[in-house]
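Hello,

I am handing over a structure for you to look at. My notes on it follow below.

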Amino acid sequence: MVDHKFIGKTYGPFRYEIGREKMKEYALATKDNRPIYIDEEFAKNTKYGDIIAMPNFAAVYGLRGAGHVLIDPELQLNLIMLVHGAQEFEWFTVVKPGDVITETGKIADIYEKGNLDFVVYEGESRNQNGELVCRAKATFIITGGGS
Amino acid sequence: MEELAKIKYDEVNVGDEIPTFEHTWQKMDGIIYAGASGDFNPIHVDPDIAKLSGQPNVFAHGLFNMALLGKTIIDWIGDPGNLKKFSVQFRGRVFPGDTVTFGGRVKEKLEGNLVVLEVWANKQDGSPALKNCEATVYLP
């Protein structure tokens, strides 16, 4: 069982500068070559004026705190028995090259169901203008006891 | 000006299905995704480690499967900026050679031009890779 006293523990801020080629690399790695992700000439003539990151690029800039939860020496999660059970993203604006994202997060919940332990991480990402970009919620499941 | 949005709110009915997308996962997909995402968890790239963890082979990152389901939704709506909310449960491992079909259906039309989709990703034997998935999109 994971100690409930860690509910509310905060992580971050984590800074991530959005790289043009990294955005493209992620889109292509996930089999999406639509021009608004990779073609600056095309993007110039859209309302965005430049390429945008695919929404799921939030997995890169918006879940860094979750990575720190997994290796947090205080929590001592049993990584061998841990799976990423569920993921939710909510987006509020698009991400463009050069944006500087700051993510802060917390352990939103810890609970048990039968033999399974659940640890829920919630992160919030804002850009250099302070605008909310994305909320991310990751649920990790540890089988057979948390630590 | 290039218009990205494809389908209009008024053209959509509850029960409509969105076009499916199919992908057969190979080990290289996992290696390329690891590099692109920075997630080098060896169970997705190193068969020896995958076997040590009790799996028959390496398997796809869950977030890779989620991104492909996101692509399927965006293929239908056109404008990536109109995907507002997206949730999945990671339920089945996708091993080399597994073919996953990504699809979805209009579940509900809300005020403010928002549409809720029930979406899914199933392997060739019908078992889910992703389950209980939902997306909220804005349609002009």
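How many residue pairs are in polar contact across the interface of chain A and chain B? The rule finds 12, with both residues at pLDDT 80 or more; a polar contact is a pair of N or O atoms within 3.5 Å, where within protein one must be able to donate a hydrogen and the other to accept it, and residues adjacent in sequence count only if both atoms are side-chain atoms.

This is a predicted model, in which local features need pLDDT of at least 70 and side-chain atom pairs count only at pLDDT 80 or more, while totals for chains, interfaces and linings use all residues. Residues are numbered from 1 along each chain as its sequence is written, chains are lettered from A and ligands numbered from 1 in the order in which they are written, and side-chain values use heavy atoms, with hydrogens and water left out.

The contact (heavy atoms within 4.5 Å) involves 32 residues of chain A and 33 residues of chain B. Between them the chains bury about 2,700 Å², 62% of it on carbon and sulfur atoms; buried area is the accessible area (1.4 Å probe) lost on being put together, summed over both parts.

There are 4 salt bridges between chain A and chain B, a salt bridge being a side-chain nitrogen of Lys or Arg within 4 Å of a carboxyl oxygen of Asp or Glu. A:Glu88 and B:Lys85 form a salt bridge through their side chains, at 4.0 Å from N to O.

Strands here are DSSP runs of E, at least two residues, numbered from the N terminus. β2(A) pairs with β2 of chain B (residues 83–90) in the antiparallel sense over 5 bridges; pairing takes at least two DSSP bridges. A:Gln87 lies opposite B:Val88 in β2(B).

Regards

Note on methods:
Buried area = accessible area lost by both parts, 1.4 Å probe. Helix = DSSP H or I, 4+ residues; strand = E, 2+ residues; numbered from the N terminus.
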